Amino acid sequence: MMRESTASSVRKRRLWARWTIHLFPIPALIVYGMFVLYPIVAAMSYSFFEWKGMARGDFIGLQNFVTLFTTEPYGSMFWNAFKHNVLYFVVQMVVMNGLAFFLGFIIYQKIKGAAFFKAAFFLPRLLSVIVVGFLWKLILNPNFGTLNVILEKLGLETLQKAWLGDPGTALIAIILVNCWFGLGFGVLIFLAGFQGIPSELVEAAKLDGAKGFTLLCTIYLPLMVPSIMIMGILTFIQSFEAFELVYAMQGSMGEPYYSTDTLAVFFYRLAFGSSTASGATAIGLGSALATVLFLFILVCTTLFLRFANKKDVQM
Amino acid sequence: MKQGVIWVRPFYYLVVFTVATISLYPIVLMILSSFKKSVDIYKNPLGLPTSFSLDTYRTLLAKIPFTTYFLNSLFVSIVSVVLIVVVCSLASFYIARFKFSWNHALFFIFLLGMMIPIKLGIVPLFILMRDLGLMNSLWSLILMNTATGIPLSMLILTGFFKTMPYELEEAARIDGAGNLRVLWHVVLPLMRPALGTVVIINFIAAWNDFFFPLIFITEKMKRTIPVGMMSLFGEHSADWGSLFAGLTLASLPMILLFFIASKQFMEGLTAGAIK
């Protein structure tokens, strides 16, 4: 008798377990669905409507998109900001990731103090982007900022500049600050990539007489493609989302004269600033911009991943 | 083979020293300058402080309610991290351990979040938070941190769950333990390394977040540290000493934690990207 009832209660409990397990993903799905998936879908749907302040008006099809691209000043602002995002990506890929790759390679050679250097490169990544922005704003200040003082001490007075006040240097200064911020993360990713290379492959190549540059090109570079792809995608997404640093250093107008504007800053102006002539269409236009940018990032990233997978298969 | 070796090593050291200096210099400058008087910063921006003075900190704390900002940040970060750990443990346990046909799709949906630039959904989010009555509530930030932290945390936890043997779990089930008990008493204790990673990644992100508090919080006493610092810059832009002190105070908790557990921090933040 006793045994039978225990057995049936165990069976019951098992049935219960099988049923309740389906409740497990629900809390995550609710939070994620409400605050990540819904807003993106909603932003896309908003772009097809007319907006009066925060109130939704009539369905107007693609009118917001047409306005965004063909009406001034939006059209030129869009392409202006888009070019800046592209530059953001290119400079970060070349300067930040290039340097990170090389630094990762150096640390991989088991230099002394590797742990210290890794920590030193990484430390900036722990600061809030806002702190990074303000800190560099102080360093780059034309009157008392230490960069100009250092240049003077080095006898390079001719290079002194109002870095952030000059439309010619402001954007590149911001992008380089971003490189300063993200460098250490790249170093760690590339270092992990190098460490994941089977040592037999390198040894075999060395026995075949490969060294230096040849070794780098024929062995390391192809095997590092996955790490390079990862950093490429992350840098791409981050470049096209760039907002905080520009906002902290140059405000919501991308000063001076929109020379540091990015699509996300432009979007912020449309959605929350009063940069539209009437102020009435702001949310519709902002949503149209969000939709374009979202689809652009998604399509590029997906194509990139496809391409990356194909590459892997070939190797 | 031997040629080149003579100059390569010194060259490597030269490079890493230079880059380390550039990485650390602004942070050291920030901390040192915070102990200077504003006059000294103007007169001698590069020099060490002539005398260590805490005046800047006193002025700063008199000007802004830093303690409130700090407690707000702490509350938001801790609650967000706890929520992420709870909801992601449950969901990733489900996805990794039980074979249902929709698991793959579910996992994909969660991962999609890593490619979604959520800032672009800020207008609907603004309206949503307003309708939920969460404007100027720290809960708006907690919910955002939790939601945006889910994709990467799911990736890490699910990957880790998959590497774990089933035997222990089975044993517990035969003893009559339910799902929650299995997860809580058997599985999670073995997951400590992965959970540590999830905690660190999300704590850094929540602590430093700027965008969502900028939009959702307008009330002064509800600000978190990054937005509090932002306002400081606008209001007192002439007082450099206070500014450096503010930046230092905003960064110090993370820097101190990093000194205690730098390895975990570095492994934690990169764990999501390397699989």
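Visitor: Where do B:Phe203 and B:Trp207 lie?
Guide: B:Phe203 and B:Trp207 are both in helix α10 of chain B, residues 192-208. They are four residues apart, about one turn of the helix. A helix here is a DSSP run of H or I with at least four residues, numbered from the N terminus.

Visitor: Buried or exposed, B:Phe203 and B:Trp207?
Guide: Both B:Phe203 and B:Trp207 are buried. Buried is under 20% relative accessible area, exposed is over 50%, and partly exposed lies in between, with a 1.4 Å probe and protein chains only.

Visitor: What am I looking at, anyway?
Guide: This is a predicted model, in which local features need pLDDT of at least 70, side-chain atom pairs need pLDDT 80 or more, and totals for chains, interfaces and linings use all residues. Residues are numbered from 1 along each chain as written, chains are lettered from A and ligands numbered from 1 in written order, and side-chain values use heavy atoms without hydrogens or water.

Visitor: Back to the rings. How many aromatic pairs are there over all chains?
Guide: Rings of Phe, Tyr and Trp (its six-membered ring) pair if their centres lie within 6.5 Å; planes under 30 degrees apart are stacked, over 60 edge-to-face, the rest tilted. That rule gives 47 aromatic pairs over all chains.

Visitor: Take A:Phe243 and B:Phe211. Why is that pair edge-to-face?
Guide: The planes of A:Phe243 and B:Phe211 stand at 80°, with the ring centres 5.1 Å apart, so the pair is edge-to-face.

Visitor: And why does the pair join two chains?
Guide: A:Phe243 belongs to the loop between α11 (225-241) and α12 (244-250) of chain A, and B:Phe211 to helix α11 (residues 211-216) of chain B, so the pair joins two chains. A:Phe243 is buried, and B:Phe211 is buried as well.

Visitor: How about B:Phe203 and B:Trp207 again, why do they count as stacked?
Guide: The ring planes of B:Phe203 and B:Trp207 are at 25° and the centres are 5.9 Å apart, so that pair is stacked.

Visitor: Which residues form one aromatic cluster in chain A?
Guide: One aromatic cluster is formed by A:Phe69, A:Phe78, A:Trp79, A:Phe82, A:Phe89, A:Phe236, A:Phe240 and A:Phe296.

Visitor: New topic. How many disulfides over all chains?
Guide: A search of the whole structure finds zero, where a disulfide is a pair of cysteine sulfur atoms within 2.5 Å.

Visitor: Why is helix α6 of chain B largely enclosed by the rest of the structure?
Guide: Helix α6 of chain B covers residues 122-131, and eight of its 10 residues are buried, so the helix is largely enclosed.

Visitor: Which residues are buried in α6(B)?
Guide: In α6(B) they are B:Ile122, B:Val123, B:Pro124, B:Leu125, B:Phe126, B:Ile127, B:Leu128 and B:Met129. After α6(B) comes B:Gly133, with a positive phi near 70°.

Visitor: Now A:Gly75. Which helix is it in?
Guide: A:Gly75 is in helix α4 (residues 74-108) of chain A. A:Gly75 is buried, at a relative accessible area of 4%. The C-alpha atom of A:Gly75 is separated by 25 Å from that of A:Ala248, and the two residues are 173 residues apart along the chain.

Visitor: What joins A:Glu72 and A:Pro73?
Guide: A cis peptide bond, with omega about 5°. A:Pro73 is placed in the loop between α3 (63-70) and α4 of chain A.

Visitor: And what is phi for A:Lys110?
Guide: Phi of A:Lys110 is positive, about 55°, although A:Lys110 is not a glycine. Most residues other than glycine have a negative phi.

Visitor: Where is A:Lys110 then?
Guide: A:Lys110 has its place in the loop between α4 and α5 (114-122) of chain A. With 72% relative accessibility, A:Lys110 is exposed.

Visitor: What about phi of A:Tyr257?
Guide: Phi of A:Tyr257 is near 50°, which is a positive value in a residue other than glycine. A:Tyr257 is in the loop between α12 and α13 (263-271) of chain A. A:Tyr257 is exposed, with a relative accessible area of 71%.
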